[in-house]
Amino acid sequence: MFSLEGITTNVQDWLLMKFNPTMALAIECVIVILLSISLFAILGLVLVLMERKVAAHIQIRLGPNRVGPGGMFQTVADTLKLIMKEGLTPDKADKFLFNLAPFVVMMVGMLLLAPIAFAKNFQIWDINIGVLYISSVSSLSVIGILMAGWASNNKYSLLGAMRSGAQIVSYELSAGFAVLTIVVLTGSLQISEIVNAQQNGWWIFKGHIPAVIAFVLYIIAVTAETNRAPFDLAEAESELTAGFHTEYSGMRFALFFLAEYINIFIVCAIGATLFFGGWMPLHIGNWEAFNHIMDYIPSSVWFMGKTFFLIFLIMWFRWTFPRLRVDQLLNLEWKYLLPISLFNLLLVAVIAILGWHF
Amino acid sequence: MFLKEYITDVVTGVTSLLKGMRKTGYYFTHPKEIITEQYPDNRATLLMSDRFKGEVVMPHDANNEHTCTGCTACELACPNGTIKVVTKFETSPEGKKKKAIDTLVYRLELCTMCNLCIVACPSDAIKMAPNFEHSVFDRTKLTKVLNQPGSKIREGIE
């Protein structure tokens with residue numbers, strides 16, 4: 001069976017055979033960096049195209065269909081255009097922060113990639129506080145956005161950035177509580193252990209009612225955290241032109257755009273890991289034959305399939321739901337999601353103590 | 001009491017959102033619903049809706065007869081001087097003088113397709129056609145005479 005684990009072991013063995021351990025580690029670091037950058041580039045191209053196609057089909061349109069077969073190379077052409085464009089820095093902008101901001105936003109995405117298990121035993125860094133690391137690092141992205149908004153020296157940018165700050169700070173809470181639900185059920189913060197705990201069934205099935213509530217809360221909260229419609233108040237094309245990236249053009253704009261899609265991928269990957277068992281195949285109780293067939297599908301395919309299903313769900317939200325106003329946005333978090341998630345955490349604690357989950 | 005309202009709020013909100021998702025999900029999974037017309041490719045089979053307003057035309061029947069009486073109601077109704085009615089007096093065989101149109105000049109480049117002339121016309125002599133491929137290299141080609149040469153008013157139209 002195809003496995004990414006075999007490839008990584010072979011590479012490491014070969015490197016250790018040729019070089020001393022320090023050198024081998026350094027080379028591995030370089031390989032990991034190159035792989036994650038190329039993953040980002042490919043994800044950006046694929047997800048933007050996917051978004052446009054999904055949007056088109058939901059709105060009874062065709063979507064991009066001219067560049068390449070079925071519009072496959074549309075995003076490649078768009079990227080080429082963005083690279084060619086002039087990256088303009090406004091006259092009165094804070095040059096240093098203005099140029100730094102897109103890279104900060106990207107950097108947060110890259111850091112979040114570290115603890116994600118892409119396949120069986122295929123993980124950059126299996127840190128023992130993986131979930132805590134994710135929730136702490138993901139809240140850093142607001143710094144990049146605030147930086148962009150402040151440095152642009154533009155009232156729309158500043159308003160967008162401030163809205164984004166309020167939004168991310170509030171929705172971090174319910175996302176954190178939703179993640180805690182699974183931590184309570186598993187009893188571990190380590191990603192690999194959370195995945196292993198789902199060997200005999202994913203948490204969304206095993207944890208029944210509280211897990212389903214937590215999943216719904218998580219999806220709502222991360223949609224808000226990634227600043228996507230229906231919570232796209234930080235960009236708000238209709239009110240703030242483009243919010244925090246109004247003044248950005250060319251490749252720096254592309255980096256913000258890319259960061260948005262990378263963040264979607266990452267939050268969906270984490271959601272898939274926590275609720276849908278990460279790379280774990282679907283196993284149903286005692287159906288031995290069925291379980292064996294499921295085991296033949298490579299673990300990386302399982303992981304990507306679940307992640308892209310969640311990404312599709314978030315895109316579906318974006319093209320269905322009406323946008324919220326700022327006060328409605330904060331109402332939703334503080335009056336609905338937060339009390340419900342607190343109650344849900346209590347419920348899941350009771351269930352975990354009494355052993356009512358499967 | 002408050003709690004009951006709160007829960008009904010959440011439930012109605014979630015169900016209405018799910019209703020919307022069901023609709024868009026239906027569209028997503030049924031590509032036959034797509035209404036996009038791939039225009040230059042399907043030029044031969046292009047379907048235009050009946051209410052599409054592309055330009056003003058004057059329908060003529062098989063005997064090269066129209067129903068325009070030359071009342072200039074369309075000219076008066078037009079907000080930006082698109083239509084110019086040039087009238088003449090025809091003498092009928094009985095020796096009676098009757099007003100008729102010589103030419104009905106229509107300047108497409110000024111027209112905003114507001115439909116007021118069609119509404120104003122008492123004898124339904126003009127109507128909107130769904131043709132939209134109007135680009136020409138010479139601006140004078142946009143000034144059109146709507147009545148065909150040698151046409152005359154149909155019998156019995158006053």
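Trainee: Which conventions apply to the numbering and to the model?

Mentor: Residues are numbered from 1 along each chain as its sequence is written, while chains are lettered from A and ligands numbered from 1 in the order in which they are written. The model is predicted, so local features need pLDDT of at least 70 and side-chain atom pairs count only at pLDDT 80 or more, whereas totals for chains, interfaces and linings use all residues.

Trainee: What is the mean pLDDT of chain A?

Mentor: pLDDT is the predictor's confidence in each residue, from 0 to 100. For chain A the mean is 83, and 99% of its residues reach 70 or more.

Trainee: How do you know how many helices and strands chain B has?

Mentor: Helices (H or I, at least four residues) and strands (E, at least two) are DSSP runs, numbered from the N terminus. By that rule chain B comes to three helices and seven strands, in the order α-β-β-α-β-β-α-β-β-β from the N terminus on.

Trainee: Why is B:Thr72 called partly exposed?

Mentor: A residue is buried if 20 or more other C-beta atoms, placed from the backbone, lie within 10 Å of its own, exposed if 12 or fewer, and partly exposed in between. B:Thr72 has 17 such atoms within 10 Å and is therefore partly exposed. B:Thr72 is found in the loop between strand S2 (65-66) and helix H2 (73-77) of chain B.

Trainee: Why does B:Met113 count as partly exposed?

Mentor: B:Met113 has 15 C-beta neighbours inside 10 Å, so it counts as partly exposed. Its place is in the loop between strand S4 (97-107) and helix H3 (116-120) of chain B.

Trainee: Why are strands S3 and S6 of chain B said to stand at the edges?

Mentor: The open sheet has three strands in the order S3-S4-S6 (chain B). Strand S3 (83-91) and strand S6 (143-145) each have a single partner strand, so one side of each is left without a neighbour in the sheet.

Trainee: How does the radius of gyration of chain B stand against that of a compact globule?

Mentor: The radius is taken over C-alpha atoms, and the globule rule is 2.2 Å times the number of residues to the power 0.38. For 158 residues a compact globule would have a radius near 15 Å, but chain B has 26 Å. The C-alpha trace of chain B spans about 90 × 45 × 30 Å along its principal axes, and 14% of its 158 residues count as buried.

Notes. Pairing = 2+ DSSP bridges.
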